[in-house]
Each structure stands twice: as structure tokens, then as C-alpha cells.
Amino acid sequence: MSHIAQDSLVTIYFTFTWSSTHARHVEHYLAKDVNFTRDILPLGVKSRMIGLKVGDSVDLVMDKSEVPEFKPGKVLDMPRARFQAEVDGKAIRPRIGRYYPKHFIEQVPGTRPDSDTPFRIADCDVAGFKADLNHPMAGREVTIHATVMEIKPPATEAGSLKRWPDIFFSGPGMQARLPETPTDYLGDSPFQRNDETGDAEFYGKPRMVYHLDKQAVSNVEGVYGEVLKDGMAVLDLMAGHVSHIPGDIKPASVVGLGMNMEELEANPVLTERVVRNLNDDPLLPFEDESFDAVICTVSVEYLTKPFEIFAEAARVLRRGGVFALTFSNRWFEAKVIRVWRNLHEFERVGLVSQYFVRTEKFEDLTTWSERGWPRPDDSEDRYAKELSESDPVYAVWGRKK
């Protein structure tokens, strides 16, 4: 089919943009095989897209009736005894700004014992806490950019009804701070790891593999394509055998700092290679204002001294230089920090954002998510037969003040 009809199946690439008190947020979602007869889309999207062809796009502001209204009456005062939560068999206490599944609280109207719907701790003291039951996106103004990627004839079978707004906004919003209070991510030994033996031993054997599927790798390159330019001096922190810099970008130099020289020597884009364990020594062996960009790929979750590293990234960046970090939902279980394991995926975006804010050296924060892509059929990907979707990609970047 050349144009979208009332009964078409359409693949649409959505970009949702919204803002919070500390950052600009960009959420991407590839909606595969949207059924224009059955499925529910944000108000105005269907009517604006009828008649479009592949490559066409529409822009609109999401109707306020489609974004949950923030209701003060859904912020409930509760005694501490109502918070009944365990993680890894240990009781935990509520922390300001954090999200938890509703089954952690008892005797709340509309809450089932198996409810994983998130609620937020809006305030807390020794006697009680405020449970905010509003949707994480409540009260946000959201702009939509929707691009037609593929148009197919109507399905021969009816298929299942999909409520796309529920899919799009399952997670976004949870990375935003409360207006006046930092999120309390840092209780309960947040940087402790299951394996506290020396990192040099763990990373001593080279791993010449991709830690994400091929589509996710391409999406990481897309992130760096947003922030890197020709002629930049780039520092690749915690680098390996590949730096994920798009091939059409030509940096002046790329310095790789990682844990394994054999991996670094296999990386063809590096112009200089440095072996250093940042968890032992977070000081970067470079002069002030040496780089235009610092990147870090699927590694921030292993940093046990993140505030020192973020301060060092700011030191070695030139004014206006960008620090960009990408990550997903996979990691080495032995070396991931405790807080990372215990957070929702979008809360991890909030944690990395808070590293930036607490450093007080960066501005123009942007968070980015990329979800919904089909997983490539790849014989080298052990999850290709198990998972239908590509690994999600999240990113946070900021510029040196």
C-alpha cells in the first residue's frame, strides 16, 4: 500500500518530548504494525496520518485529556507501618522521590496485592510518608512527532487491541526529580557489589563481544550522532574493542580509557589507549580542558565513585563540551552497583541525571530513551530466539557550564 488507509497496518516511529525542572526529555518508540481499525492512539494521530505515505510525518501537542491530570487528592498520608517492602529478602524503608510498586503499600483503594503499578514517595519521616499515586507523567505537556516507517495491507486476522499510549508511557516520567527535592537514591550501601574482588582480575580476560544486540548498537550510535561532530577531540571512558561512534563522523582524535589493553588495541578508531581502573583511581590522566566530548557506553552502572568521575569529566572538558552516557538493561551481575539493580529502568535515567546535577558543572541536561525496535535475527545473539524486542537504549548527556 502506498498511503495509509482506514484499515492499514502501519509502523510508526514516535518521538515524545517533554520537560521537567532539571532536564529536557526525549522518548522514542517504534510502534510496529499499528492497526488503524482497532488500536488506540493518542488523540489526533490517526486522523492526521490518514493518507500519508512512507517518510511522511506529523507534529502535534498531545491533548491534555490524554495526559493524566495531576490530582492532589491522590497524594496520601500514610503511617510507616503501611510500607511493607522487601528486596533480596531484606526489609527496605521508603525513600523520598523513589518509585515502588503499589503492592508495597497496604489497604489503599484500588491497590491489589499483585499490583506493579508505580507510586512515588513524595515525602517521608520517621512516623510516616506521603504516597503519590498519580501517574509519573501526570500534568506534563508532551509534544509528538510521528513518522511513517512502513505501510502494510490490513491483517487477515483481527489481532489484539493495543492501547499505545499505555505502552508509550510505561516508564517515562520516573526519571524526573521532585520539584524541590533530590531523589534519595543513595541509601543502603548503593555502590556495593556482589563481587568486591579486584576489578583488574575480573576484566583481565578480553571480551571481544557486543554487549547489546545489533539494533541496540545502532541506536547507541544514533545517540552519539546527536552529540558528536567532525573535528572533536573525544574521550571514550571505560572503552573496549569498539567505541560506537557513527562512521560518518570524523573526530580529530579518540582517546580510549579502559580496563583491558588487548580490547583497546582491537579498537580501530582509537588514537591513544590508556589502561586505568576508575574505581581504584577516579582521577583522569589528562590536562584540564583537553576534550570536546566524553562518552561512556554501557558502563556507568559499574562506577563506585561516580561523583568523582563526573567531576573529572567536567575538568577535562572544554567549556560547552558534552558528556554523554548510554546504557541498557543488561550488565555483569557480579560488578553492577547495588542501587542500579534495585531501580526501575527509567529511574536509572534519573540516577545518572542526578550524578550530573550533583556535580554542579553541567547544564542543558537531556535524557533519551529508545524502545520498541524488533530484535534482529542474529546467530551471534544468544537472546535472539528468546526476546522479540531489541535491548532498550537510554542516554543522558549534559554540557559543561
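Okay, so a salt bridge here is a side-chain nitrogen of Lys or Arg within 4 Å of a carboxyl oxygen of Asp or Glu.

A bit of housekeeping. This is a predicted model, where local features need pLDDT of at least 70 and side-chain atom pairs count only at pLDDT 80 or more, while totals for chains, interfaces and linings use all residues. Residues are numbered from 1 along each chain as its sequence is written, and side-chain values use heavy atoms, with hydrogens and water left out.

Let's start with the sheets. When I say helix (H or I, at least four residues) or strand (E, at least two), I mean a DSSP run, numbered from the N terminus. Two strands pair if DSSP finds at least two bridges between them.

So, what is the order of the eleven strands in the open sheet? Reading across, you get β3-β10-β1-β2-β16-β17-β15-β14-β11-β12-β13, with mixed pairing. At the edges stand β3 (57-61) and β13 (272-275), and each has a single partner strand, so one side of each has no neighbour in the sheet. From one strand to the next, the twist averages 15°. For angles, axes are lines fitted to C-alpha atoms, for helices over the stretch in contact, and the angles run from 0 to 180 degrees between N-to-C directions.

β3 runs antiparallel to β10 (residues 143-152), and five bridges join the two. Leu60, for instance, has Ile144 in β10 as its bridge partner.

Now find helix α6 (residues 306-316), which packs on this sheet. α6 touches β11, β14, β15, β16 and β17, and its direction makes about 140° with that of β15. Contact, by the way, means heavy atoms within 4.5 Å.

There's also an open sheet of four strands, ordered β4-β9-β8-β7, and the pairing there is antiparallel. Its edges are β4 (75-79) and β7 (99-101), each with a single partner strand, so one side of each is left without a neighbour in the sheet. Neighbouring strands here are turned by 40° against each other on average, direction ignored. β4 pairs with β9 (residues 128-132) over five bridges, and Met78 has Phe129 as its bridge partner in β9.

Next up is helix α8 (residues 345-359). Its 15 residues reach 22 Å from first C-alpha to last, close to the 21 Å expected; that expected span is 1.5 Å times one less than the number of residues. Is α8 enclosed or exposed? Twelve of its 15 residues are buried, so α8 is largely enclosed by the rest of the structure. Buried means under 20% relative accessible area, exposed over 50%, and partly exposed in between (1.4 Å probe, protein chains only).

Side chains of opposite charge can pair when their charged atoms come close. The whole structure has 20 of these bridges. One of them joins Lys32 and Glu150, at 3.3 Å from N to O. Lys32 sits in β2 (residues 24-35) and Glu150 in β10, so this pair ties together parts 118 residues apart in sequence. Lys32 is partly exposed, at 34% relative accessible area, and Glu150 is partly exposed too, at 30%.
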